[in-house]
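Hi,

Here is the structure I promised to pass on.

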Amino acid sequence: MRIEDFAPIFEQRKRLLPKAADLSFYNWETQLSTSNSTPHYQVIADSAQGLLFKNKRDRKVVNVNPETDPGDNTTRIEIETKEYTQVVLYDHSTRRRL
């Protein structure tokens with residue numbers, strides 16, 4: 001997603017689909033799961049809490065479990081749409097020190 005051109009997606013000429021190169025990806029057909037840390041996030045698989053993403057800048061954890069709080073400085077936004085089965089955005093804000 002680091003180099004994804006979002007213009008065709010916003011113009012509805014292209015669908016946004018998960019990829020094996022994303023932070024986390026699960027293929028329901030092959031039952032293959034992958035996770036990829038990035039320069040901004042570390043992927044953590046925790047047996048008790050599930051899938052977590054730790055921001056490398058502020059070291060805060062984003063919890064993507066819909067039944068729990070997403071974490072400090074993070075907002076979980078569900079979007080209803082006819083184009084996709086499920087859309088959930090996680091907005092994580094970091095403070096920039098001056």
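Before the rest, a word on what you are looking at. This is a predicted model, so local features need pLDDT of at least 70 and side-chain atom pairs count only at pLDDT 80 or more, while totals for chains, interfaces and linings use all residues. Residues are numbered from 1 along each chain as its sequence is written, and side-chain values use heavy atoms, with hydrogens and water left out.

Now the overall picture. The chain has one helix and seven strands, and along the sequence they run α-β-β-β-β-β-β-β. Helices (H or I, at least four residues) and strands (E, at least two) are DSSP runs numbered from the N terminus. The C-alpha trace spans about 40 × 35 × 25 Å along its principal axes. Of the 98 residues, 17% count as buried. The chain exposes about 8,300 Å², with carbon and sulfur atoms supplying 50% of that; the areas are Shrake-Rupley values with a 1.4 Å probe. If you take contacts (heavy atoms within 4.5 Å) between residues at least 6 apart in sequence, 20% of them join residues at least 24 apart.

On to charges. There are 15 positive and 14 negative side chains, and the centres of the two sets lie 9 Å apart. Lys and Arg count as positive and Asp and Glu as negative, leaving out His and the chain ends; each charge is placed at NZ of Lys, CZ of Arg, CG of Asp or CD of Glu.

How many salt bridges are there? The count is three, where a salt bridge is a side-chain nitrogen of Lys or Arg within 4 Å of a carboxyl oxygen of Asp or Glu.

- Lys 60 turns up here, bridged to Asp 72 with the closest N and O atoms 3.8 Å apart. This pair links distant parts of the chain, twelve residues apart: Asp 72 is in the loop between β5 (61-63) and β6 (74-79), and Lys 60 is in the loop between β4 (50-55) and β5.
- Glu 11 and Arg 13 meet at 2.5 Å, N to O. Glu 11 is partly exposed at 48%, and Arg 13 is exposed at 61%.
- Glu 78 pairs with Arg 76, with 2.7 Å between the closest N and O atoms. Glu 78 is exposed at 52%, whereas Arg 76 is partly exposed at 22%.

There are also two aromatic pairs. Rings of Phe, Tyr and Trp (its six-membered ring) pair if their centres lie within 6.5 Å; planes under 30 degrees apart are stacked, over 60 edge-to-face, and the rest tilted. One of the pairs is Tyr 26 with Trp 28, which is edge-to-face at 4.7 Å centre to centre and 80° between the planes. Tyr 26 is partly exposed at 35%, and Trp 28 is exposed at 72%.

Last, have a look at Asn 55 in strand β4. Asn 55 is buried, with a relative accessible area of 5%. Setting aside neighbours within four places in sequence, Asn 55 is in contact with His 40, Tyr 41, Lys 60, His 92 and Thr 94.

Cheers

Methods: Buried means under 20% relative accessible area, exposed over 50%, partly exposed in between (1.4 Å probe, protein chains only).
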